[in-house]
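Biologist: Put the model up, please. I have some quick questions about it.

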Amino acid sequence: MQAVKEAVALRNGVEMPLVGLGVMHTYGSECVRSICEAVDAGYRMIDTAAIYGNEQAVGTGIRECGADREELFITTKLWVQDASYERAKLACETSLQNLGLDYLDLYLIHQPLGDIYGAWRAMEELLDEGKVRAIGVSNLNIGRLVDLSMHNRVIPHVSQVEIHPFYQQTRAIQEMKNMGIHPEGWAPFAEGRNDIFRDKRLVSIGRKYGKTPAQVILRWDIQRGVSVIPKSSHPARICENYDVWDFELTAEDMDLIAEMDKGKELFFEHDSPEMARMFGSYCIH
Ligand SMILES: NC(=O)c1ccc[n+]([C@@H]2O[C@H](COP(=O)([O-])OP(=O)(O)OC[C@H]3O[C@@H](n4cnc5c(N)ncnc54)[C@H](OP(=O)(O)O)[C@@H]3O)[C@@H](O)[C@H]2O)c1
């Protein structure tokens, strides 16, 4: 079996886990408990965002989970309202305070909206100052990612986008890798849409290895060199989603999953006028 490490080195040498816990829509004690259970199960990466409204609970989880700060990889994201040079610096301080941390492992621009070039210059400086160990973007289509990378001092270390079997983003992932940008997939289970957990192809592949469709999906991501952040607040599923290191999908399995690709996002059309208006007017403070 091909040995798979549980982390990859980003372009600047920072180690980023391949599997982390997503905590969107997870609040208060449920969020704290999920983080503690995840760390017990082996996770070291947590993905939150300023707009999720749970950074303080994530901070409590970090303090209560029993892992040393240096073992953990904490990501948060800059919301659209704060996408400018000045506001990004303040927003980073606010997120650090909410989380109770003195540095982030990864800071992402959450949406391709607002003054993201100004925000990016602030992110570059936050990196220089050691407030963040790596910087990246989320939801930029591949053309915009190339453009941002061509016209700035620091190329993003990470690009977090929608990736699941129904929207595989094969070309975008290859382009990212060509630029030395590590791909990270959000909604790896497509939030359960299209009955993904009962998909016949995933069930039949999983049966060969004694694994669930969820585990097959996460293993598929890992074997494509994509970090993933599945969300669950159920203890058994949190464990299940990290138990993906002891089997290997064959080329035939990967080809079968490739057939599931519909080539189109299932969630937001980030380039649409509706999204620009909706996200652009959503204030978090
Ligand atoms: N950058 C962005 O714009 C962006 C957008 C969306 C999400 N994200 C990040 O990505 C993370 C994950 O995405 P997501 O939360 O949208 O969706 P997801 O991880 O694709 O799916 C989560 C859903 O799957 C269920 N689930 C989890 N594990 C399961 C399992 N083993 N078997 C059956 N059901 C299972 C969860 O239910 P239970 O909790 O009940 O188990 C939940 O309903 C988020 O939490 C967030 O951190 C980022």
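Biologist: Where is Asn 194?
Modeller: In the loop between strand E9 (182-186) and H7. Helices (H or I, at least four residues) and strands (E, at least two) are DSSP runs, numbered from the N terminus. Residues are numbered from 1 along each chain as its sequence is written. This is a predicted model, where local features need pLDDT of at least 70, side-chain atom pairs count only at pLDDT 80 or more, and totals for chains, interfaces and linings use all residues.

Biologist: What about phi at Asp 195?
Modeller: Positive, about 55°, although Asp 195 is not a glycine. Asp 195 also lies in the loop between E9 and H7. Asp 195 counts as exposed, because it has 10 C-beta neighbours inside 10 Å.

Biologist: On to the helices. At what angle do H7 and H8 pack?
Modeller: About 90°, with the axes of H7 (residues 200-209) and H8 (residues 213-223) 8 Å apart. Axes are lines fitted to C-alpha atoms, for helices over the stretch in contact, and angles run from 0 to 180 degrees between N-to-C directions. H7 and H8 are therefore roughly perpendicular to each other. That label covers 65 to 115 degrees; under 35 is roughly parallel, over 145 roughly antiparallel and the rest oblique.

Biologist: Which residues make the contact?
Modeller: On H7, Leu 202, Val 203, Ile 205 and Gly 206. On H8, Pro 213, Gln 215, Val 216 and Ile 217. Contact is counted when two C-beta atoms, placed from the backbone, lie within 7 Å.

Biologist: How many of them are nonpolar, polar or charged?
Modeller: The contact of H7 with H8 has 6 nonpolar, 2 polar and no charged residues. Ala, Val, Leu, Ile, Met, Phe, Trp, Tyr, Cys and Pro count as nonpolar, Asp, Glu, Lys and Arg as charged, and the others, Gly among them, as polar.

Biologist: New topic, the ligand. Which residues come nearest?
Modeller: Gly 22, Met 24, Phe 189, Ala 214 and Lys 231, out of 26 residues around the ligand. Near here puts the C-beta atom, placed from the backbone, within 6 Å of the molecule. The shell divides into 11 nonpolar, 10 polar and 5 charged residues.

Biologist: Where does Gly 22 lie?
Modeller: In strand E3 (residues 21-22). Gly 22 is buried, because 24 other C-beta atoms are within 10 Å.

Biologist: What does Gly 22 touch?
Modeller: Asp 47, Trp 186, Ile 229, Pro 230 and Lys 231, not counting residues up to four places away in sequence.

Biologist: Now the core. How many residues has the largest nonpolar core?
Modeller: It has 83 residues, and those with the most contacts inside it are Ile 35, Leu 78, Tyr 107 and Ala 119. Such a core is a set of buried Ala, Val, Leu, Ile, Met, Phe, Trp, Tyr and Cys residues joined through C-beta atoms within 7 Å.

Biologist: Which residues does Tyr 107 touch?
Modeller: Leaving out residues up to four places away in sequence, Thr 76, Leu 78, Cys 92, Met 123, Leu 126, Val 132 and Ile 135. Val 154 touches Ile 135 too, along with Glu 124 and Leu 127, on the rule that residues up to four places away in sequence are not counted.

Biologist: How far apart are Val 154 and Ile 135?
Modeller: 19 residues in sequence and 8.8 Å in space, C-alpha to C-alpha. Val 154 is in the loop between helix H5 (142-150) and strand E8 (158-162). With 19 other C-beta atoms within 10 Å, Val 154 is partly exposed.

Biologist: Last one, H2. Which of its residues are buried?
Modeller: Glu 55, Ala 57, Val 58, Gly 59, Gly 61 and Ile 62. The buried residues of H2 pack against helix H1 (28-41), strand E4 (45-47), strand E5 (73-78) and helix H3 (85-99).

Biologist: And what follows H2?
Modeller: Gly 66, with a positive phi near 95°. Glu 64 lies in H2 (residues 55-64). Glu 64 counts as partly exposed, with 13 C-beta neighbours inside 10 Å.

Technical notes:
Buried ≥ 20, exposed ≤ 12 C-beta atoms within 10 Å, placed from the backbone.
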